[in-house]
Amino acid sequence: MPNMALKKNEMPVQPPQVRNRNFSEVALGYTEEQAVDEAARCLNCKNKPCVSGCPVAIDIPAFIGRIRERDFEGAYQILHQQSSLPAVCGRVCPQETQCESKCVRGIKGEPVAIGRLERFAADWHMSHCKEAPQPAAGNGRKVAVVGAGPSGLTCAGDLQKAGYAVTIFEALHTAGGVLVYGIPEFRLPKAIVRQEIDNLKALGVKIETNVIIGRTITIDDLFEDGFEAIFIGSGAGLPRFMNIPGENLKGVYSANEFLTRTNLMKAYEEGSPTPIQRAKKVAVVGGGNVAMDAARCAKRLGAEEVHIVYRRSEKEMPARLEEVEHAKEEGILFDTLTNPTEIVGDDHKFVRGMKCVRMELGEPDASGRRRPVEKPGSAFVMDLDCVIMSIGTSPNPLIRNTTKGLDTNAHGCIIARGDGLTSREGIYAGGDAVTGAATVILAMGAGKTAAQAIDEYLRSL
Ligand code: FAD
Ligand code: SF4
């Protein structure tokens with residue numbers, strides 16, 4: 001008999017006033033009993049509507065069915081056929097707009113907690129199955145991957161399994177891309193990412209860190225070194241600024257810099273090799289997931305007041321509802337319909353405040369959202385000592401500027417076909433470098449598709 005409860009089984013979490021002072025994971029995961037009980041809410045629908053909402057088409061009712069039968073390893077194996085990072089996706093995928101939005105149980109009540117069950121099966125596998133994957137048999141052919149984020153890691157894993165000798169070249173000193181430098185520890189523990197990367201290394205994938213393609217060596221050097229095909233998964237890590245006066249003051253960060261110092265360099269630990277200002281009053285400008293992460297990190301670093309400053313209303317915020325709710329529970333203040341016009345500093349060039357105006361919503365713009373317009377006479381100054389700009393990112397132009405014949409669009413994104421092929425033979429690309437800032441699962445999907453296309457291309461030579 002299915003479990004006909006209208007609500008999902010709650011996920012245990014750290015209480016807000018405890019977690020906003022530490023960097024440990026907020027959500028604690030289902031127990032075996034909670035997972036089996038939640039799995040029993042699935043109706044095993046014949047036409048599997050939930051699968052149509054999954055960008056990598058995981059057989060959702062099949063893996064949930066295994067959990068229901070207490071075959072947790074079997075559930076993991078089904079997940080792993082389509083997703084190389086299920087423990088990551090179970091934590092950070094926006095399931096509410098993907099698989100769960102299509103679940104029939106959501107018509108009357110809440111959908112099955114597909115994401116929580118994915119996380120459960122992946123965590124169960126990690127804690128019970130310690131066997132490292134065996135190295136794949138080689139075919140003697142070399143492929144290079146640029147960038148060790150989810151797109152590059154997925155592409156590398158699939159090609160290595162197909163017999164190629166894959167080397168990933170990563171600009172930072174640690175592999176993982178946004179999974180390690182952007183998404184905070186309290187949403188995605190780095191030990192999970194490390195374990196996935198160790199598995200890839202056990203397969204035989206080589207990872208060369210501290211190599212910036214376009215500076216240390218170029219794409220064309222890689223071809224000369226005997227790599228027969230190249231996948232570019234270099235992401236979209238170049239921050240945008242508002243171009244208002246005062247953005248060069250001390251205490252103004254891009255969200256990328258702030259999060260990298262906090263998450264990758266662990267600025268919150270005593271003796272961390274990177275400095276970060278311990279601010280008292282912080283404003284994060286923007287309303288996306290990155291803004292929520294930056295605000296929640298600032299609070300955990302000890303700020304007394306953290307404001308989200310967003311020019312539209314809360315309804316238009318692009319951040320996941322769950323992230324907004326978590327931020328509010330942790331004491332983040334929301335200043336919506338508010339737009340900064342200038343950051344003001346003191347004689348020593350430290351931030352002391354931010355001039356803002358209040359906004360109201362006018363006619364819809366090209367995105368279909370109502371355009372914010374300034375309310376006359378509404379200017380005011382927020383008293384602050386730190387401003388974090390989180391208004392979007394775009395791909396870094398380095399690779400485009402050092403690779404002849406690689407076409408990019410007006411936003412600086414590499415132009416690639418559906419299978420990842422770019423305007424240059426042998427060069428494939430995917431993830432945020434092609435789409436602009438998107439999601440982990442889409443980046444992984446692009447890496448997977450490109451790996452298949454690279455294999456077909458190299459076999460045809
Ligand atoms: P990236 O993850 O950006 O990896 C690119 C890698 O390439 C990086 O390691 C970079 O150092 C390296 N690189 C760049 N240039 C070079 C070069 N020239 N030479 C060598 N290496 C280079 N998505 C979700 O689905 N859920 C979330 O909850 C979520 N939260 C997010 C929170 C933050 C703070 C941020 C910034 C993003 C978030 N995203 C989230 C988006 C998601 O992380 C990205 O869409 C995804 O990581 C893109 O993967 P990628 O492989 O294309 O690029
Ligand atoms: Fe189960 Fe919902 Fe998918 Fe139906 S739509 S198979 S109930 S997860």
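Biologist: Which hand does the crossing of α2 and α8 have?
Modeller: The crossing of α2 and α8 is left-handed. Keep in mind that this is a predicted model.

Biologist: At what angle do α2 and α8 pack?
Modeller: The angle is about 140 degrees, and the axes are 10 Å apart. Here α2 covers residues 32-39.

Biologist: Why is α2 called oblique to α8?
Modeller: Roughly antiparallel needs an angle over 145 degrees, and roughly perpendicular runs from 65 to 115. The angle of α2 to α8 is about 140 degrees, so α2 counts as oblique to α8.

Biologist: Which residues meet there?
Modeller: From α2, Glu 32, Ala 35, Glu 38 and Ala 39. From α8, Leu 117, Phe 120 and Trp 124. By class, the contact of α2 with α8 has five nonpolar, no polar and two charged residues.

Biologist: And α4? How do the axes of α4 and α8 cross?
Modeller: Helix α4 (residues 60-68) and helix α8 (residues 114-128) cross at roughly 60 degrees. Their axes come within 11 Å. That makes α4 oblique to α8. The crossing of α4 and α8 is left-handed.

Biologist: Which residues make the contact of α4 and α8?
Modeller: Ile 60, Phe 63, Ile 64 and Ile 67 come from α4. Ile 114, Leu 117, Glu 118, Phe 120 and Ala 121 come from α8. This contact of α4 with α8 counts eight nonpolar, no polar and one charged residue.

Biologist: New topic. What surrounds ligand 2?
Modeller: Its surroundings include Cys 42, Cys 45, Cys 50 and Cys 103. Also among them are Pro 49, Pro 61, Arg 105 and Ile 114. The shell around ligand 2 has nine nonpolar, one polar and one charged residues.

Biologist: Now the sheet. In what order do the five strands come?
Modeller: The order is β3-β2-β1-β4-β16, in an open sheet with parallel pairing. The edges are β3 (206-208) and β16 (427-429). Each has a single partner strand, so one side of each lacks a neighbour in the sheet. Neighbouring strands are turned by 20 degrees against each other on average, ignoring direction.

Biologist: How many bridges join β4 and β16?
Modeller: Three, in the parallel sense. Phe 231 stands opposite Tyr 428 in β16.

Biologist: Which strands does helix α18 touch?
Modeller: Helix α18 (residues 440-460) packs on the sheet and touches β1, β4 and β16. The direction of α18 makes about 160 degrees with that of β4.

Notes:
Residues are numbered from 1 along each chain as its sequence is written. Chains are lettered from A and ligands numbered from 1 in the order in which they are written. This is a predicted model: local features need pLDDT of at least 70, side-chain atom pairs count only at pLDDT 80 or more; totals for chains, interfaces and linings use all residues. Side-chain values use heavy atoms; hydrogens and water are left out. Two strands pair if DSSP finds at least two bridges between them. Helices (H or I, at least four residues) and strands (E, at least two) are DSSP runs, numbered from the N terminus. Axes are lines fitted to C-alpha atoms, for helices over the stretch in contact, and angles run from 0 to 180 degrees between N-to-C directions. Contact means heavy atoms within 4.5 Å. Angles under 35 degrees count as roughly parallel, over 145 as roughly antiparallel, 65 to 115 as roughly perpendicular and the rest as oblique. A crossing is left-handed if the near helix is turned anticlockwise from the far one by less than a right angle, and right-handed if clockwise. Ala, Val, Leu, Ile, Met, Phe, Trp, Tyr, Cys and Pro count as nonpolar, Asp, Glu, Lys and Arg as charged, and the others, Gly among them, as polar. A residue is near a molecule or strand if one of its heavy atoms lies within 4 Å of it.
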